[in-house]
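Hi everyone, thanks for coming. Today I'd like to walk you through how two protein chains meet.

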Number of protein chains: 2
Amino acid sequence: MRLLYHLFLSPFCRKVRVALAEKGLAFELKNENTAERREEFLRLNPACEVPVLVEPDGAVVCGAGPICEFLEEAFPETQRLLPGGPAERAEARRLVDWFDGKFNREVTANLVGEKLMKRLLRQGVPDTTAIRAGQANVRVHLDYIGWLVERRNWLAGEAFSLADIAAAAHLSTVDYLGDVPWDDHRPARDWYARIKSRRAFRAVLADHIPGVPPPKYYADPDF
Amino acid sequence: MRLLYHLFLSPFCRKVRVALAEKGLAFELKNENTAERREEFLRLNPACEVPVLVEPDGAVVCGAGPICEFLEEAFPETQRLLPGGPAERAEARRLVDWFDGKFNREVTANLVGEKLMKRLLRQGVPDTTAIRAGQANVRVHLDYIGWLVERRNWLAGEAFSLADIAAAAHLSTVDYLGDVPWDDHRPARDWYARIKSRRAFRAVLADHIPGVPPPKYYADPDF
């Protein structure tokens with residue numbers, strides 16, 4: 001069986017989980033506390049980071065970016081996550097970088113990192129300046145999502161792509177804290193409602209961290 | 001003509017410059033001070049980051065990762081930067097992530113960022129703790145490079161790949177400061193000597209920042 005080492009609420013692991021589900025590839029999840037630096041896990045990935053995918057034939061693929069490219073190359077007959085020609089694919093990859101880089105630094109790290117990860121990993125006190133910055137920044141990114149989907153069907157163009165998955169993976173972790181001001185950003189909300197309706201997204205929306213319940217509307221496409 | 005917006009000593013821009021040269025694709029360089037946030041540049045890349053590639057047909061590709069994947073897809077008849085099948089390509093991409101992520105955080109940012117970029121961009125005083133960390137960390141990474149090339153011809157396998165380009169792009173910026181302890185790491189030095197001998201690497205080794213000359217051995221493959 002295909003095995004994915006992951007951490008709950010890691011947007012990078014969520015991106016891979018949704019990508020696998022979109023492609024209809026069955027897999028098992030194994031939670032990996034990377035802070036423990038288990039020797040067995042270090043042999044799989046010397047960088048000691050999740051996600052790591054172990055294929056049924058024993059092939060090991062490390063890192064969310066390499067895993068998604070691997071899935072596209074190894075299973076070309078399944079749902080494409082990078083549609084179109086080289087220029088269209090470059091646009092999808094630009095937006096994946098936007099969410100995994102810029103959004104992650106400006107929003108996810110400031111909100112999920114400060115409010116939740118520090119508490120779960122006992123890494124000290126939340127930085128309230130960072131939290132305020134994250135709350136301001138998320139609005140700019142929601143505006144950008146709205147700007148894109150008023151011009152295109154999905155974020156990177158006419159077809160659903162890895163750009164949508166990356167954006168939704170990050171937003172879904174911030175939304176777990178109830179920190180996405182959906183009501184003020186209708187176009188982004190309408191896009192996210194379409195994402196939530198996809199079967200491939202159900203599993204990540206069903207995640208529950210013990211002691212930290214998500215908002216009631218969390219998994220509801222009609223929110 | 002193909003145009004690359006870049007910054008001198010950005011390892012990400014160097015990776016793209018070498019990738020273009022390896023593929024034999026002619027291009028012009030345009031230095032872009034992203035701190036100025038020029039409106040014309042923001043229209044090309046709303047993230048306001050280099051590198052940005054503008055193709056002769058007007059196609060715009062943003063970001064080092066998307067540019068390298070674009071070049072592989074758009075010019076398949078040129079030198080391959082990601083050789084082999086999906087698993088071998090995943091290994092090359094894992095190492096690209098290693099150098100662009102882990103090495104960049106642990107070494108490049110601590111040395112080039114603190115010692116040179118802060119001075120050039122007038123962003124305050126170098127953090128000596130960070131510099132000491134960078135000087136210790138570079139040794140660990142040189143050991144890892146040595147470990148790899150004692151088992152493989154190039155970093156990711158038998159064929160030269162984007163993993164070698166990414167690693168050498170970072171090391172070449174640190175080496176510009178004379179901060180790579182080559183003498184204590186012979187296998188890594190032998191690998192870097194092979195890199196320096198490649199024609200595609202000559203242009204980046206010829207960069208000279210006004211007022212900050214590189215070490216005398218900088219461009220010499222026999223160092």
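Before we start, one term: a polar contact is a pair of N or O atoms within 3.5 Å, where, within protein, one atom must be able to donate a hydrogen and the other to accept it. Please also keep in mind that this is a predicted model.

With that term in hand, the rule finds 6 residue pairs in polar contact across the interface of chain B and chain A, counting residues at pLDDT 80 or more. Which elements of chain B give two or more residues to the side that touches chain A? They are β4 (60-62), α3 (64-74) and α4 (86-120). The most comes from α4(B), with 10 residues. Sorted by kind, the residues on this side of chain B are 12 nonpolar and 9 charged, with no polar ones.

Charged residues bring us to salt bridges, and the count between chain B and chain A is 6. Here is one of them to find on the screen: A:Arg89 pairs with B:Glu73, and their closest N and O atoms are 2.9 Å apart.

Now, how much area do the chains bury between them? It comes to about 1800 Å², with 64% of it on carbon and sulfur atoms. The contact takes 21 residues from chain B and 21 residues from chain A.

Notes: Residues are numbered from 1 along each chain as its sequence is written. Chains are lettered from A and ligands numbered from 1 in the order in which they are written. This is a predicted model: local features need pLDDT of at least 70, side-chain atom pairs count only at pLDDT 80 or more; totals for chains, interfaces and linings use all residues. Side-chain values use heavy atoms; hydrogens and water are left out. Contact means heavy atoms within 4.5 Å. Buried area is the accessible area (1.4 Å probe) that two parts lose on being put together, summed over both. A salt bridge is a side-chain nitrogen of Lys or Arg within 4 Å of a carboxyl oxygen of Asp or Glu. A polar contact is a pair of N or O atoms within 3.5 Å; within protein, one must be able to donate a hydrogen and the other to accept it, and residues adjacent in sequence count only if both atoms are side-chain atoms. Helices (H or I, at least four residues) and strands (E, at least two) are DSSP runs, numbered from the N terminus. Ala, Val, Leu, Ile, Met, Phe, Trp, Tyr, Cys and Pro count as nonpolar, Asp, Glu, Lys and Arg as charged, and the others, Gly among them, as polar.
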